[in-house]
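Take a look at the structure below. This report walks through a few of its features, one topic at a time.

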Amino acid sequence: MKYAFFLGCVIPNRYPGIELAMRNVAPKLGIELIDMEGASCCPAPGVFKSFDQPTWLALAARNLSIAEAEDLDIMTLCSGCFGTLKETNTILKEDSAKRESVNAILHEFKKEFQGNIDVRHFVEVLYNNIGVEKLKNLVKKPLPLTVAVHYGCHLLKPTKYRKVGSSERPKFLDELVEVLGAKSIPYRDKMMCCGAGGGVKASSPDTSLDVAKEKLQNIKNVGADCMVTPCAFCHLQYDRGQIDIQNKFGVAFNIPVLHYVQFLGLAMGFEPEKLGLPNNAVSVEPILRKI
Amino acid sequence: MGRRTAFRTRQLIRRALLGFKDEVLSDKDLWLCTTCYTCLERCPRGVDPTDVILAIRTMAVKSGHMLDRHKGVAGFVLGQGHAIPIDEANRKLRVSMGLKEFPPTTHSHKDALEEVQQIAKKMGFDKLVGYEWK
């Protein structure tokens, strides 16, 4: 299984530990990652999709064309990148007028959007292509933890551009967590947004953190050992966000936040250093002591 | 956002329908939608409110209403190819982890960055956000 590995911005430039985890875990899953040389920001949906759709489409098409040139489907670990690339890929495949105007620009750079690849999110590849049963055989160190699973919005919605799972009561990520020996714990408003998307984290940081704080409190209330997310931007919001929340609102939650690939890596027996876990903002020590 | 702020999607769309153009386009609350798409998924009439909000944002930007922080994000992509560019601390962190100091993106390929910049120029995106090329 071979994928063009789309890094985005948050992962390589703020959470390289997630990139490291993916590069370490992939071979054991039978996934070969091919770097997308010269890829840019997806570009960020909050600003680009809001400001100017043609620019959003053109810059995304450039990224898509890099994977097309390798004849590979794209795989991402960030739901923001997944959203932009999945949606633009669908729009450009279906709308010939938009495809032609994007290609008129790309042709000047000897690039072209052809529409012959797919865009995938890592967790959805795991669930649909590798499967929970196979994953079970790769677990070396079951994780006896209670986990607050956070799906995030753009992995699932809008469903008109992706059929990943139910947008109201999805189950697949809970299954992916539980197959590793953990217990996915129900909590209030589990499907609530992290508060970072749509450009809100950039423009209204306090409001954005206030939204994150509500969910963190709900998670604290049920006594989860940690939170697991499939999205780099949600991860940033809840991990670094806890430090900001402490500084701004004086509340300390101390809830470890792991990207799913980091959580999976632990269960596969990787040392925390190989998964970038010591570099998370909120200490993961409490869960390492339990496993 | 409705649960944490005074932002009301219904009010925004109603005001837009009633033609309060300047008020709607200049309202900072327009930028409080996180685009969680819950309203779009649930709307029984297929109104797609999130897409409406994005369309109104595009109109707002075209008439000069944009927030400085968003211009900043746009500027990072135009200048470096990334909305969140690498910094010194993360360059060091990457090296300490055994990763390449710069990711294999526009950060490692000057020609790729120039391509991104040229595409943005051709789209007029630099002018739209008032980006000053160095």
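## A proline in a loop

A:Pro158 sits in the loop that runs between β5 (146-149) and α9 (172-178) of chain A. Keep in mind that this is a predicted model. A:Lys157 and A:Pro158 are joined by a cis peptide bond, with omega at about -5°.

A:Pro43 belongs to the loop between β2 (32-35) and α3 (45-51) of chain A. Why point these bonds out? Because most peptide bonds are trans.

## Positive phi angles

The backbone angle phi gives another thing to check. Most residues other than glycine have a negative phi. A:Asp189 is not a glycine, yet its phi is positive, near 55°. Look for A:Asp189 in the loop between β6 (183-184) and α10 (200-203) of chain A. Is A:Asp189 buried or exposed? A:Asp189 has 11 other C-beta atoms within 10 Å, so it is exposed. The cut-off for that label is 12 or fewer.

Chain B has an aspartate to set beside it. B:Asp48 has a positive phi of about 55°, although B:Asp48 is not a glycine. The loop between α3 and α4 of chain B holds B:Asp48. B:Asp48 counts as partly exposed because it has 17 C-beta neighbours inside 10 Å.

## Two helices that cross

Now turn to a helix pair in chain A. Two packed helices are described by the angle between their axes and the distance between the axes. How do α2(A) and α13(A) cross? Helix α2 (residues 16-29) of chain A and helix α13 (residues 260-267) of chain A have axes that come within 9 Å, crossing at roughly 45°. Therefore α2(A) is oblique to α13(A). The crossing of α2(A) with α13(A) is left-handed.

Which residues meet there? From α2(A) come A:Ile18, A:Ala21, A:Met22, A:Asn24 and A:Val25. From α13(A) come A:Val261, A:Gln262, A:Leu264 and A:Gly265. Sorted by class, this contact has six nonpolar residues, three polar ones and no charged ones.

Next, find A:Asn221 in helix α11 (residues 205-221) of chain A. A:Asn221 has 10 C-beta neighbours inside 10 Å, so it counts as exposed.

How many residues separate A:Asn221 and A:Arg188 in sequence? They are 33 residues apart. In space, the C-alpha atoms of A:Asn221 and A:Arg188 are 9.0 Å apart.

Chain B has a domain assignment. It gives domain 1 (9-62) and domain 2 (68-128). Taken over C-alpha atoms, the centres of domain 1 of chain B and domain 2 of chain B are 30 Å apart.

Chain B also touches chain A. In this contact, 46 residues of chain B meet 52 residues of chain A. Several helices of chain B each supply at least two residues to the side that touches chain A: α3 (38-42), α4 (49-62), α5 (68-80), α6 (88-96), α7 (110-122) and α8 (125-128). Which helix gives the most? That is α7(B), with six residues. By class, the side of chain B that touches chain A has 28 nonpolar, eleven polar and seven charged residues.

Methods
Residues numbered from 1 in each chain as written. Chains lettered and ligands numbered in written order. Predicted model: local features only at pLDDT ≥ 70, side-chain atom pairs only at ≥ 80, totals over all residues. Domains from an automatic or database assignment. Contact = placed C-beta atoms within 7 Å. Helix = DSSP H or I, 4+ residues; strand = E, 2+ residues; numbered from the N terminus. Nonpolar A, V, L, I, M, F, W, Y, C, P; charged D, E, K, R; others polar. Axes fitted to C-alpha atoms, helices over the stretch in contact; angles between N-to-C directions. Parallel < 35°, antiparallel > 145°, perpendicular 65-115°, else oblique. Left-handed = near helix turned anticlockwise from the far one by under 90°. Buried ≥ 20, exposed ≤ 12 C-beta atoms within 10 Å, placed from the backbone.
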